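User: I'd like to learn how to read a ligand site and a helix in a model. Can you walk me through one?
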Amino acid sequence: MGNEPAGTIPPVDRATGKPLLRALAGEVMASSPVWLMRQAGRYLPEYRKIRAEAGSFLDLCYSPELATEVTLQPIRRFGFDASILFADILLVPDALGQDVSFREGEGPVLAPIRRQEDLAGLELTRLHDVLAPVYETVSRLSVALPEAVTLIGFAGAPWTVATYMVEGGTSRDHATVRRWALAEPDSFGQLLDILVEATAQYLEAQVRAGAEVLQLFDTWAGVLPEPAFERCCIAPMRTLVTRLRQSCPGIPIIGFPRGVGAGYARYVAETGVDGVSLDPSVPLGWAAETLQPHVMVQGNLDPMLLVAGGDAMAEDVRRIREQLGDGPFTFNLGHGIVPETPPEHVSELVRLVRIPL
Ligand code: CP3
């Protein structure tokens with residue numbers, strides 16, 4: 001592409017002493033790092049205030065000033081070890097020219113792509129022009145964050161982004177996208193190829209702007225039968241990891257193939273990721289034995305236990321720390337924070353995670 005931001009990408013220095021980078025390098029730590037998926041968002045009154053000022057959700061994502069502010073809010077309030085860029089996985093389809101909007105109480109709405117002919121409407125040429133404000137947010141954050149806090153850039157994995165592009169939003173059964181993926185693998189593969197290229201360029205630009213770790217969210221990896229999981233989730237992820245290893249030497253990559261059960265083992269062995277986020281259903285003894293010898297694991301408190309708080313949360317925090325604390329580990333949720341979460345429960349969680357066992 002002619003319009004990619006110029007400049008070489010400096011290798012990431014893993015020996016800087018930042019807790020998340022140390023865990024990703026395989027270090028077993030007395031007190032694990034902690035951050036939470038969706039740590040910025042509607043459960044915080046200070047987020048709701050900025051969100052109301054911004055107008056639409058996309059305006060917020062594309063405002064470097066406001067996106068920087070909402071990214072920093074949970075860092076100030078809770079002192080997490082890592083900060084995840086405030087953006088959304090659906091910025092990539094938006095930047096490819098698909099019509100994307102977020103409606104109050106309805107979630108994302110996209111003009112759906114249903115067949116091979118629709119792919120002609122997707123354009124890589126404007127990608128960096130549309131996404132430039134996100135790169136600006138990343139560079140502001142890399143200056144503004146406290147020294148020990150790791151800056152995580154992210155994108156959706158190609159399969160999960162494709163589900164939204166084809167279904168036109170969040171779907172209950174993913175019937176349309178699964179039918180396309182399973183019945184016409186070649187034409188569906190063209191959509192995945194476009195997303196691999198766009199996602200690689202997007203993540204490379206985030207690293208150039210200062211992202212120190214990358215996370216890829218494959219929220220809907222668990223809805224595919226095994227051969228299609230290999231073709232639609234593992235293979236595109238392996239391509240992305242291989243490319244990013246070359247273009248961004250040393251950048252740690254975390255994958256989140258949510259809901260794939262025993263498929264986590266294959267995902268780790270075949271994609272080359274440095275870490276995986278575990279969903280709440282993953283048995284921890286199995287993860288410690290099968291996954292942790294190869295990668296850092298992250299997880300996996302059920303977001304509803306964070307809503308509940310109290311003894312139920314404390315007991316599960318202890319269980320997770322005991323089972324995963326003997327290998328490379330970062331405490332996190334098993335999926336994103338929900339809006340009804342009391343912020344005091346998040347403070348309590350961070351306190352519990354940092355108590356010596
Ligand atoms: O704090 C962070 O984690 C960083 C920001 C972030 C958002 N979305 C902000 C957001 C991240 C990492 C995401 C990822 C994302 N977005 C995923 C993958 C992870 C997951 O949760 O499964 C997915 C599937 C999306 C797509 C998406 N964005 C949906 C389905 C929705 C609507 C549901 C909802 O929670 O409202 C969004 C909107 C969204 N993305 C919000 C936020 C803070 C809420 C919108 C608002 O404030 O009005």
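This is a predicted model: local features need pLDDT of at least 70, side-chain atom pairs count only at pLDDT 80 or more; totals for chains, interfaces and linings use all residues.

User: Which side chains place a polar atom by an oxygen atom of the ligand, and at what distance?

Analyst: Look for N or O pairs within 3.5 Å. An N or O atom in the His335 side chain is 2.7 Å from a ligand oxygen. For Arg51, a polar side-chain atom is 2.8 Å from an oxygen atom of the ligand.

User: How many residues surround the ligand, and which are the closest?

Analyst: Count the shell, then sort it. Here 23 residues surround the ligand. The closest are Arg38, Arg42, Tyr47, Asp88 and His335. By class, the shell has 14 nonpolar, five polar and four charged residues. Helix H2 (45-54) and strand E3 (107-110) each supply at least two residues of that shell.

User: Where does the ligand sit?

Analyst: In the largest pocket.

User: Now the helix. Why is H7 largely enclosed by the rest of the structure?

Analyst: Check burial residue by residue; buried means under 20% relative accessible area. In H7 (residues 158-167), ten of the ten residues are buried, so the helix is largely enclosed by the rest of the structure. Among the buried residues are Trp159, Tyr164, Met165 and Glu167.

Definitions and conventions
Residues are numbered from 1 along each chain as its sequence is written. Side-chain values use heavy atoms; hydrogens and water are left out. A residue is near a molecule or strand if one of its heavy atoms lies within 4 Å of it. A polar contact is a pair of N or O atoms within 3.5 Å; within protein, one must be able to donate a hydrogen and the other to accept it, and residues adjacent in sequence count only if both atoms are side-chain atoms. On a 1 Å grid over the protein atoms alone, a cavity is a set of points where a 1.4 Å probe fits but cannot get out, and a pocket is an open set with protein on both sides within 12 Å along at least five of seven lines; lining residues have an atom within 4 Å of a point. A molecule sits in a cavity or pocket if more than half of its atoms lie within 2 Å of its grid points. Helices (H or I, at least four residues) and strands (E, at least two) are DSSP runs, numbered from the N terminus. Ala, Val, Leu, Ile, Met, Phe, Trp, Tyr, Cys and Pro count as nonpolar, Asp, Glu, Lys and Arg as charged, and the others, Gly among them, as polar. Buried means under 20% relative accessible area, exposed over 50%, partly exposed in between (1.4 Å probe, protein chains only).
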